[in-house]
Amino acid sequence: MSTHGDLDHALDLRVLPAVEWRAAARAHRDRLDRLVGAYLERRAAGTPHPVVDFLFT
């Protein structure tokens, strides 16, 4: 449940320089790939996994 303090923090925005934004986006993609990359590769190949597939449905 959000509190007023959480909302204040969420509205604290800043504009990032392009170099910093691109580095953050690249790091995010890398983290995401480590977490779901194997699942996406198996799904694209049509290879089922009973546990992992359950987690993504």
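Tyrosine 39 is buried, at a relative accessible area of 10%; buried means under 20%, exposed over 50% and partly exposed in between, with a 1.4 Å probe and protein chains only. This is a predicted model, in which local features need pLDDT of at least 70, side-chain atom pairs count only at pLDDT 80 or more, and totals for chains, interfaces and linings use all residues. Residues are numbered from 1 along each chain as its sequence is written, and side-chain values use heavy atoms, with hydrogens and water left out.

**Aromatic pair**
- There is one aromatic pair, where rings of Phe, Tyr and Trp (its six-membered ring) pair if their centres lie within 6.5 Å, and planes under 30 degrees apart count as stacked, over 60 as edge-to-face and the rest as tilted.
- Tyrosine 39 and phenylalanine 56 are stacked, 4.0 Å centre to centre with 5° between the planes.
- The pair links distant parts of the chain, 17 residues apart: tyrosine 39 lies in helix α2 (residues 18-45) and phenylalanine 56 in the segment after α3 (50-55).
- Phenylalanine 56 is partly exposed, at 39% relative accessibility.

**Salt bridge**
- The structure holds one salt bridge, defined as a side-chain nitrogen of Lys or Arg within 4 Å of a carboxyl oxygen of Asp or Glu.
- Arginine 14 and glutamate 20 form this salt bridge, with their closest N and O atoms 3.2 Å apart.
- Arginine 14 is exposed at 62% relative accessibility, whereas glutamate 20 is partly exposed at 36%.

**Chain overall**
- The protein chain has three helices and zero strands; these are DSSP runs (helices H or I, at least four residues; strands E, at least two), numbered from the N terminus.
- Of the 57 residues in the protein chain, 7% are buried.
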